[in-house]
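Trainee: I would like to go through the pockets and the aromatic contacts of this model. Can we take them one at a time?

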Amino acid sequence: MRFQRHPYNPVIPRTPGTFYSKHAANPDLLFFHGKYHLYFRGQAEAGHDQIGVATACPEEFNGVRWEMVRHNPILPVSADPAAFDAGHILDPAAVVLDGRVYLYYSAHRQDWHNWNVPSHVGLAVSDDGLHFEKHPGNPILAGTAPEVVLHQGRVHLFFQRRTAAGNFEIYCCTSADGVHFAAGSEQVVLRPAQEAGAFDAFSLSTVRIWEEKGWFYLTYGGCDRFFDYPVAIGLARSRDLWQWERYPGNPILRRGAPGAWDEGALWFATVHRVKQTYYLWYEGTGTGMGLDSAAAQEASRACREHDYGGYGQTSFSQIGLALATEGMPEW
């Protein structure tokens, strides 16, 4: 299975004068109250990640055109400088539970700098999918980059944590109410391949899951050298959400060519099927400067060869779209 990039990429570019003027990233799709809701992270010049949403009606849906809600960001950082989510709110993961939207997110403190202090998963709840209140029981658990699936009456929360070796592994835990997750239910469900030359040899990052024909399918970012800088997107499948097998034809999407807007790394591959077409939204980072000058070539080299090379200066996150029509593979 291979996804082809949409010619209008990026479909949500960073845009001056918005809360995503510097970065647009971390897409997550939810169908609720008759509309598609695309939740995503934005960052402006103030430097705080915050979550916003765009919507689309089914009759007008093409994966490209989105209407931003006027009150974005819908989930801003806390005004309390001591709060667990005063620095950054990012990585949205939404599910409908008891008729309400439960939106899980990564949260960093105000003094957070590159994983030197603990980070957590928080929760906000909404009746309409547009206006959210943070849950009073926050934070939910220690970890980042949540994904959420409702299965057999239980909320399955996936997240990632770093190991002593410095790489990420993917965990899952469950809850009856979506708020209280027993530590005893935590289990590592996906680890790096640890195979020389593999795109996912060193670390895994940012999973997304959907269900189809009795299978759960999971996309993930695969990192060959760095702990959170995926060079490609991989695919795995499971019957029960706990035991996963990788697609032997991985990866299904590689980072863009040198000089492209997504040349550096790819995260959060969010897949949704409409009729026979699979839509995959993803966060990509790159310079988008081409290679026509020495400065562009150097910026591209840094972006591709270094961990977050030039990020926020010459390389920026934006949201792209890729399409596939051949259906899910068997293996």
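Trainee: What volume does the largest pocket have?
Mentor: The model is predicted, and totals for linings use all residues. Among the 29 residues lining the largest pocket, R41, D49, W112, Y308 and Y311 are the closest to its centre. The volume of this pocket is about 650 Å³.

Trainee: Which strand gives the most to the lining of the largest pocket?
Mentor: At least two lining residues come from each of β2 (23-32), β3, β6 (88-97), β11 (144-151), β15 and β20 (265-274). The top contribution is three residues, and the strand that supplies them is β6.

Trainee: How many nonpolar residues are in the lining of the second largest pocket?
Mentor: The second largest pocket has a volume of about 460 Å³. Of its 20 lining residues, L29, A94, V148, I209 and W210 are the closest to the centre. By class, two of the lining residues are polar and four are charged, and the nonpolar ones number 14.

Trainee: Is R208 buried or exposed?
Mentor: R208 lies in strand β15 (residues 203-212), and its side chain makes a polar contact with the side chain of T270 at 3.3 Å. Buried means under 20% relative accessible area. R208 has 2% relative accessibility, so it counts as buried.

Trainee: What kind of aromatic pair do Y39 and F132 form?
Mentor: The count for the model is 26 aromatic pairs. In the pair of Y39 and F132, the ring centres are 5.9 Å apart and the planes are at 80°. Planes over 60 degrees apart count as edge-to-face. The pair of Y39 and F132 is therefore edge-to-face.

Trainee: How many residues apart are Y39 and F132?
Mentor: Y39 is buried at 0% relative accessibility, and F132 is buried with a relative accessible area of 12%. Y39 is in strand β3 (residues 35-43), while F132 is in the loop between β8 (120-126) and β9 (133-134). The pair links distant parts of the chain, and the separation is 93 residues.

Trainee: Is Y308 buried, exposed or partly exposed?
Mentor: Y308 forms a tilted pair with Y229, at 5.2 Å centre to centre and 40° between the planes. Y229 is buried, with a relative accessible area of 2%. For Y308 the relative accessibility is 28%, so this residue counts as partly exposed.

Trainee: Which ring does the charged end of R239 sit over?
Mentor: For R161, the charged end sits over the ring of Y171, 5.1 Å from its centre. The charged end of R239 is 3.7 Å from the centre of the ring it sits over, and that ring belongs to W215.

Key. Residues numbered from 1 in each chain as written. Predicted model: local features only at pLDDT ≥ 70, side-chain atom pairs only at ≥ 80, totals over all residues. Heavy atoms only, no water. Phe/Tyr/Trp six-rings, centres within 6.5 Å; stacked < 30°, edge-to-face > 60°. Helix = DSSP H or I, 4+ residues; strand = E, 2+ residues; numbered from the N terminus. Buried < 20%, exposed > 50% of the residue type's maximum accessible area, 1.4 Å probe, protein only. Lys NZ or Arg CZ within 6 Å of the ring centre and 35° of its normal. Polar contact = N/O pair within 3.5 Å; in protein donor to acceptor, adjacent residues only side chain to side chain. 1 Å grid on protein atoms, 1.4 Å probe; cavity = no way out; pocket = protein on both sides within 12 Å on 5 of 7 lines; lining within 4 Å. Points joined across faces, edges and corners; volume = space filled by probe spheres on them. Nonpolar A, V, L, I, M, F, W, Y, C, P; charged D, E, K, R; others polar.
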